[in-house]
Amino acid sequence: MKLLIDFFPIILFFVAFKIWGIYVATGIAIAATVLQIGYLRWRNGKVEPMQWMSLGVIVLFGGATLLAHDETFIMWKPTVLYWLMGGALAIGQLFFKKNFIKSLMGAQMQLPDSAWRTACWSWVGFFAVMGCLNLWVAYNYDLDTWVNFKLFGGMGLMAVFVVVQALYLSRFMNTEEAAK
């Protein structure tokens with residue numbers, strides 16, 4: 001259910017784009033993200049900082065797309081979001097000595113600090129690459145290809161990355177804890 005809620009705006013954006021085009025899809029994505037944040041706030045009583053950041057980016061870049069009637073802004077949105085998330089992880093690690101990946105997942109698994117550090121920097125690298133890849137697709141292919149990449153390519157690459165990282169991290173998990 002959480003996964004569906006997380007991808008709700010992206011899926012609606014994709015469907016709306018296929019039916020009505022980029023500008024209607026952008027408006028629907030903004031509205032869906034506002035609804036998503038409202039639902040999470042109502043259901044959980046709080047919203048994660050990354051979700052607030054995502055809302056801000058979609059409102060800013062989606063709004064610019066609608067106001068300027070220029071799809072370039074919405075095409076930059078995933079890159080900006082990827083780079084902000086990667087930047088937040090890097091800044092947390094470098095300047096605050098805080099590993100946000102460990103903060104997020106540390107209750108579910110016990111790992112040595114070196115594994116947490118590797119996981120954090122892996123995410124930083126992944127987000128940097130995804131931001132560049134989004135721009136490459138946006139500027140080298142048509143809008144329809146970019147929208148398809150945004151949904152299928154982005155989610156597919158994320159799934160592959162998560163599986164590879166899980167395999168890496170599983171090497172460090174205590175087998176007694178895994179049996180619990």
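A salt bridge is counted when a side-chain nitrogen of Lys or Arg lies within 4 Å of a carboxyl oxygen of Asp or Glu, and by this rule the count comes to three salt bridges. This is a predicted model, in which local features need pLDDT of at least 70 and side-chain atom pairs count only at pLDDT 80 or more, while totals for chains, interfaces and linings use all residues. Residues are numbered from 1 along each chain as its sequence is written, and side-chain values use heavy atoms, with hydrogens and water left out.

**Salt bridges**

- Lys-18 and Asp-144 join their side chains in a salt bridge, with 2.7 Å from N to O. This pair links distant parts of the chain, since Lys-18 is in helix α1 and Asp-144 in helix α7, 126 residues apart; helices (H or I, at least four residues) are DSSP runs, numbered from the N terminus.
- Lys-18 counts as partly exposed at 39% relative accessibility, and Asp-144 is partly exposed at 34%; here buried means under 20% relative accessible area, exposed over 50%, and partly exposed in between, with a 1.4 Å probe and protein chains only.
- Lys-46 and Glu-48 form a salt bridge through their side chains, at 3.1 Å from N to O, and Glu-48 counts as partly exposed with 34% relative accessibility.
- Asp-113 forms a salt bridge with Lys-102, whose closest N and O atoms are 3.0 Å apart. Because Asp-113 lies in helix α6 and Lys-102 in helix α5 (residues 100-105), the pair ties together parts that are eleven residues apart in sequence.
- Asp-113 is partly exposed, with a relative accessible area of 47%, and Lys-102 is partly exposed as well, with 35%.

**Nonpolar cores**

- A nonpolar core is a set of buried Ala, Val, Leu, Ile, Met, Phe, Trp, Tyr and Cys residues joined through side-chain atoms within 4.5 Å. The largest one has 23 residues, and those with the most contacts inside it are Phe-13, Ile-22, Ile-74 and Trp-146.
- The elements that give two or more residues to this core are α1 (2-20), α2 (22-44), α3 (49-68), α4 (72-95), α6 (113-140) and α7 (143-170), and the largest share, six residues, comes from α2.
- Apart from this core lies another, of 22 residues, among them Leu-81, Ala-119, Phe-126 and Phe-127.
- Not counting residues up to four places away in sequence, Trp-146 touches several residues, including Phe-13, Ile-22, Ile-74 and Pro-78, where contact means heavy atoms within 4.5 Å.
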